[in-house]
Amino acid sequence: MCTLILLPLVLMCVLTVPAQCQPSGTRETVVIRNNTLNLRALLWRPHGRRPFPAVLLNHGSGRSRQELERLGPYEQNADRLGPVFARHGYLFLFLFRRGIGLSADQGASAVDVMNSEFAARGQEGRNALQLELLERDMTDAVAGLAYLRALADVDVRRIALVGHSFGGSLTLLMAEHEPNLRALVIFSGAGLSWDRSPQLRARLLPAMPRIAAPVLFIHAANDHSVSAGKTLAAERQRLGKPHLLKIYPALGHTPEEGHDFIYLGVSRWERDVFAFLDEHMRR
């Protein structure tokens with residue numbers, strides 16, 4: 001069973017051609033400049049009538065070398081999501097921030113820098129550095145959003161952000177300064193850090209009143225922690241701000257699998273996420 005908290009949104013059914021019967025669109029690799037950085041991104045364009053509603057994906061902090069050896073290239077994550085969003089009629093941009101995936105040669109990834117800081121200075125050092133890295137990586141994400149808005153086949157009035165883990169925190173902080181976003185979807189936001197970092201909690205909670213877009217918070221029950229989604233949703237409810245919280249049954253057998261729900265559990269969340277996006281992006 002899913003836990004559902006609704007305020008004050010109403011999810012609506014939109015009668016469309018079934019997504020599984022629609023073509024998945026075309027993929028291309030693009031380069032996005034952020035000052036001296038040449039960041040790579042994968043872009044999926046759906047078939048159909050332009051301009052398209054569009055989604056920017058803010059991925060997590062990356063994978064360590066050991067995780068890459070065990071789990072495979074980070075680019076596989078983009079290929080799991082891009083065709084799904086295109087099939088539902090959304091232009092989808094998966095930007096690889098510095099040090100990660102196709103942008104591995106553009107600096108150090110957030111996960112490697114945080115791991116080094118943890119080894120040198122422990123959890124407190126990592127917590128402080130994480131806030132700095134969120135600001136650093138936000139410049140990459142803002143460049144991606146500007147690129148998306150400049151595309152001729154994007155409807156700039158209908159843009160949403162989707163974030164995972166570290167990228168979920170990043171998405172919320174971006175949305176503080178982006179009043180024209182239509183929706184946010186946060187997968188496993190701060191699932192690894194919320195319980196361990198009072199600094200992160202103190203940064204994200206005050207952002208809630210400044211986010212205009214409706215927010216869908218998503219966790220699998222076996223994420224490392226679901227506290228972030230529950231606490232931030234409760235704060236949105238206290239403020240009377242539109243949000244949903246969905247906690248799905250456990251996926252797999254480990255917290256790591258639960259944390260990667262966005263990539264491993266597409267069939268579970270697809271209907272709910274696109275009902276939410278369609279409600280706020282297509283009206």
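**Close-up views around strand β8**

**View 1. Alanine 220 faces a partner in the neighbouring strand.** Alanine 220 stands opposite tyrosine 248, a residue of β9. Welcome to this predicted model, seen here where β8 meets strand β9 (residues 243-248): the two run parallel and are joined by six bridges.

**View 2. From β8 to β9 by way of a helix.** Helix α6 covers residues 227-239, and together with β8 and β9 it makes a β-α-β unit that is right-handed.

View 3. How many residues of β8 (residues 215-220) are buried? Six of its six residues are, which leaves this strand mostly covered. Look along the strand and you can follow its side chains: Val215, Phe217 and His219 point one way, while Leu216, Ile218 and Ala220 point the other way. In a regular strand, side chains alternate between the two faces of the sheet.

View 4. Which residue of β8 is the bridge partner of phenylalanine 187? That partner is isoleucine 218. Between the strands, the chain passes through helix α5 (residues 198-204), and this β-α-β crossover from β7 to β8 is right-handed.

**View 5. How confident is the prediction?** The protein chain has a mean pLDDT of 90, with 91% of its residues at 70 or more. Residues 1-22 have a pLDDT below 50, and this stretch has 47 contacts in the model beyond near neighbours in sequence. Where pLDDT is low, the predicted coordinates should not be read in detail.

Definitions and conventions
Residues are numbered from 1 along each chain as its sequence is written. This is a predicted model: local features need pLDDT of at least 70, side-chain atom pairs count only at pLDDT 80 or more; totals for chains, interfaces and linings use all residues. Side-chain values use heavy atoms; hydrogens and water are left out. pLDDT is the predictor's confidence in each residue, from 0 to 100. Contact means heavy atoms within 4.5 Å. Buried means under 20% relative accessible area, exposed over 50%, partly exposed in between (1.4 Å probe, protein chains only). Helices (H or I, at least four residues) and strands (E, at least two) are DSSP runs, numbered from the N terminus. Two strands pair if DSSP finds at least two bridges between them. A crossover is right-handed if, with the strands pointing away from the viewer, the path from the first strand over the helix to the second runs clockwise.
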